[in-house]
Amino acid sequence: MRLRSILAILILLLACALQFWFASAGTFINFILATLIVFAFYIDIWELLVFVLFGIFVVNWQPAVSADIFIFGIIPIAAYAFHKVFAWSVWAAAPAAIVCGFFLLYLAIAPGAFLANAELFSIDVLGGLIFGGLVFFVFDRLKLS
Amino acid sequence: MGRKRISNSHWVSGALIVILALLIFFAPSYGWTIRAWLSPALGNVGAGVSQTDAQNLVAENDALKAQLATLQVVASQLPTSTPNTIRAMIYSRYPMNFRNELLVSVGSNEGVATGAAVTFQGMLLGEVKAVFPETSLVQTIFDNSLKMPVRIGSGGVNGLLQGGSDPIVGSITSNAAVMPGDIVYSAAPGIPYAVPVAQVVATSTSADSLFEQATLSFPYDINNVETVFIAK
């Protein structure tokens with residue numbers, strides 16, 4: 001197994017642990033989605049699909065697959081497609097994808113609440129950007145693309 | 001050589017995709033187990049149920065004492081409600097912002113029905129949104145999309161509970177006598193009447209200046225709730 005895959009697994013598990021740890025304290029930061037979005041810029045579509053499905057498997061809170069979870073899974077794949085089609089600089093595209101991904105997720109699943117609670121959304125995005133930035137830094141420094 | 005390695009890696013990825021897809025659709029409970037391992041609060045569920053129950057009982061006792069003191073003041077306004085209930089453990093929680101849902105350990109096999117009231121320490125926590133054979137999905141009053149008719153205080157003032165991270169009661173007529181300390185209780189179809197929901201902390205005028213609204217306090221922390229009761 002390649003270093004990149006092992007590192008990606010460990011980072012995703014860390015993102016899961018952080019997300020659930022913060023959630024148990026009543027603060028919701030979507031570390032898992034931010035991680036998957038950054039992965040979209042560094043790994044191939046097959047590995048990305050594995051990680052996205054693992055993310056869905058762990059995040060899904062009910063027996064049925066809901067629209068929320070479907071959108072959660074689509075966003076990293078859309079980021080991958082965006083990266084392939086437009087080939088922007090990763091330094092600009094990754095943070096932009098995180099902000100857009102979070103925006104689209106909450107716009108789709110809770111439009112009214114999302115617009116009325118800008119502070120919660122800002123904390124969520126900021127946390128995602130910081131963690132996503134760290135993931136990006138690790139992948140970029142280790143030249144794992 | 002390189003082509004073969006890529007091909008092998010795609011086979012592994014393909015196999016993992018199939019396995020994960022099967023797990024998502026047919027064995028999601030393994031995902032909740034992984035969450036329990038990774039979550040500090042839920043991780044205690046399997047390892048120390050008796051300890052968790054003891055903590056719950058202490059908290060429940062304290063809350064009941066406070067509730068009793070409050071209810072003695074307004075006893076005449078709160079009809080006694082003792083519905084048959086089913087005890088349920090919380091398996092998992094909605095993991096993102098702006099919603100608050102719980103998956104609990106009882107379902108249609110135990111007689112749970114959609115719309116049933118869910119209580120914690122005698123307080124209304126939410127209602128059953130969806131029922132599965134062995135589990136049920138509960139929408140709590142901390143969910144942004146929940147709206148529920150309620151009444152407030154001894155005057156039985158009508159209001160609309162609006163869920164969220166800080167739920168409020170809105171649509172209170174501006175001349176209504178609502179005071180801090182008043183009990184908010186259920187008055188919604190399908191929910192037992194007069195189940196306590198919260199206590200009024202303060203009142204203010206709504207943004208459109210047409211109604212009053214009340215901010216609420218709760219004698220529990222939703223993040224620490226691990227068992228609930230569901231009305232039959």
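Conventions. I number residues from 1 along each chain as its sequence is written, and chains are lettered from A, with ligands numbered from 1, in the order in which they are written. In this predicted model local features need pLDDT of at least 70 and side-chain atom pairs count only at pLDDT 80 or more, while totals for chains, interfaces and linings use all residues.

Entry one, helices. I took helices (H or I, at least four residues) and strands (E, at least two) as DSSP runs, numbered from the N terminus. I looked up α5(A), residues 90–109, against α7(A), residues 118–141: they pack at about 145°, axes 10 Å apart. Axes are lines fitted to C-alpha atoms over the stretch in contact, and angles run from 0 to 180 degrees between N-to-C directions. Contacts (C-beta atoms, placed from the backbone, within 7 Å) include A:F102 and A:Y106 on the α5(A) side and A:G128 and A:F136 on the α7(A) side.

Entry two, chains A and B. I found 34 residues from each chain in the contact. On the chain A side, α3(A) gives the largest share, 10 residues.

I counted strands as paired if DSSP finds at least two bridges between them. β3(B), residues 117–120, runs antiparallel to β4(B), residues 123–131, with 4 bridges. I see B:F120 opposite B:M123. In this hairpin, with 2 residues between the strands, B:Q121 has a positive phi near 55°. β4(B) also pairs antiparallel with β5(B), residues 136–140, over 5 bridges. There B:G126 partners B:T140. I noted 4 residues between β4(B) and β5(B) in their hairpin.
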